[in-house]
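This report goes through selected local features of one structure, topic by topic. The sequence and the structure come first.

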Amino acid sequence: HHSYLSPDGHWVLLVVMNNQGELIPCQVVPFNGSGDARVVGPPEGTCISGAWSPDGKWIYVSSKEGGRFHIWRQRFPDGPPQQMTSGTTEEEGIAMSSDGKSLLTSVGVTNNTIWIHNGSGDRQLSSEGDAFGTMFSWDGRKLYYLMHSGENGADLWSRELETGKTERVVLGSAILPGSTIGCYSVSHDGKQVAFSMRDRNGISHLWLSPTDHRSSPRELLSTASQDCPIILPSGDLVFRSIENGQRFIYRSKQDGTERRRIIPNPI
């Protein structure tokens with residue numbers, strides 16, 4: 001998506017997307033095409049922009065390691081990544097000064113709020129944190145949503161629309177530290193939630209958790225990367241599985257048995 005030529009013209013720093021349409025860590029390749037790409041910056045972090053120091057001895061990247069975009073630097077060619085910025089703000093985009101002593105970046109905070117519209121008009125439901133990913137319960141009495149707060153990833157929350165009572169349904173950081181909840185689905189009876197989370201290797205796993213917290217979340221074990229779960233009225237799961245770079249739709253029981261493709265063709 002973006003490329004940055006090194007000052008000596010021998011290397012190119014790249015912002016790269018994988019075959020699933022997701023941005024991955026930045027890479028450096030030889031400009032003459034004589035060698036393989038190497039990952040730079042945090043090896044598990046999404047990288048959105050980069051820059052070289054004027055002397056070519058340092059690489060700078062804006063990487064989403066730990067849930068927020070921050071500036072990292074790495075001595076080229078073989079130094080370890082070093083985090084330069086931190087905190088609740090995010091930094092995207094890098095422009096180096098000509099003397100290499102400072103850099104310019106954009107700094108800000110993403111803050112989504114949830115509103116509901118009904119016969120009485122519009123009403124704001126969320127106030128703290130970055131809330132998104134809304135879904136009504138099947139009986140329409142609750143609203144589920146994801147919310148970032150602090151440095152942690154997104155947790156799953158619910159709010160009773162009549163009483164205003166809020167409750168954290170799933171604490172994502174307690175399951176996979178440094179990860180965040182992705183797609184999720186709530187069962188028709190409101191007693192179960194299925195969701196996906198990525199591990200540090202970028203592999204997505206499916207999890208099931210009771211909404212009353214009477215037992216711990218459990219993983220739906222699989223060697224393939226799985227995401228986008230939907231709980232059917234019968235209790236079965238429908239989800240996406242990524243195998244050899246292709247995506248297929250599967251169905252299974254909640255314990256992972258009777259796993260089968262719904263259609264043979266990739267999607």
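## The loop at Asp99

Asp99 sits in the loop between strand S9 (90–96) and strand S10 (103–108). The model is a predicted one. With a relative accessible area of 49%, Asp99 is partly exposed.

The side chain of Asp99 makes a polar contact of 2.7 Å with the side chain of Ser97. A polar atom of the Asp99 side chain also lies 3.0 Å from the backbone nitrogen of Lys101. Asp55 is 44 residues from Asp99 in sequence, and the C-alpha atoms of Asp55 and Asp99 are 8.9 Å apart in space.

## Cysteines

The structure contains one disulfide. This disulfide joins Cys26 and Cys47, with 2.0 Å between the sulfur atoms. It links distant parts of the chain: Cys26 is in the loop between strand S2 (11–15) and strand S3 (27–30), Cys47 is in strand S5 (residues 46–52), and the two are 21 residues apart. The torsion about the S-S bond of Cys26 and Cys47 is about -75°, so the disulfide is left-handed. Cys26 and Cys47 are both buried.

Cys183 has a relative accessible area of 35% and is partly exposed. Cys228 is also partly exposed, at 29% relative accessibility.

## Salt bridges around Asp236

The structure holds eight salt bridges. A network of salt bridges links Asp236, Arg251 and Lys253. In the salt bridge between Arg251 and Asp236, the closest N and O atoms are 3.2 Å apart. Arg251 lies in strand S23 (residues 246–252) and Asp236 in the loop between strand S21 (225–231) and strand S22 (237–243), so this pair ties together parts that are 15 residues apart in sequence.

Lys253 also forms a salt bridge with Asp236, at 3.3 Å from N to O. Here Lys253 is in the loop between S23 and strand S24 (260–261), 17 residues from Asp236. Is Asp236 buried or exposed? Asp236 is buried, with a relative accessible area of 8%. Its two partners are partly exposed: Arg251 has a relative accessible area of 25%, and Lys253 has 30% relative accessibility.

## The Glu243–Arg261 pair

Glu243 and Arg261 meet through their side chains in a salt bridge, 3.0 Å from N to O. Glu243 is in strand S22 and Arg261 in strand S24, so the pair, 18 residues apart, links distant parts of the chain. Glu243 counts as buried at 17% relative accessibility, whereas Arg261 is partly exposed, with a relative accessible area of 37%.

## The sheet S17 to S20

Strands S17, S18, S19 and S20 form an open sheet in that order, with antiparallel pairing. Strand S17 (181–186) and strand S20 (218–220) are the edge strands, each pairing on one side only. From one strand to the next, the twist averages 30°.

Strand S19 (residues 204–210) pairs with S20 over three bridges, in the antiparallel sense. Leu206 stands opposite Leu220 of S20.

Conventions. Residues are numbered from 1 along each chain as its sequence is written. This is a predicted model: local features need pLDDT of at least 70, side-chain atom pairs count only at pLDDT 80 or more; totals for chains, interfaces and linings use all residues. Side-chain values use heavy atoms; hydrogens and water are left out. Two strands pair if DSSP finds at least two bridges between them. Helices (H or I, at least four residues) and strands (E, at least two) are DSSP runs, numbered from the N terminus. Axes are lines fitted to C-alpha atoms, for helices over the stretch in contact, and angles run from 0 to 180 degrees between N-to-C directions. A disulfide is a pair of cysteine sulfur atoms within 2.5 Å. Buried means under 20% relative accessible area, exposed over 50%, partly exposed in between (1.4 Å probe, protein chains only). A polar contact is a pair of N or O atoms within 3.5 Å; within protein, one must be able to donate a hydrogen and the other to accept it, and residues adjacent in sequence count only if both atoms are side-chain atoms. A salt bridge is a side-chain nitrogen of Lys or Arg within 4 Å of a carboxyl oxygen of Asp or Glu.
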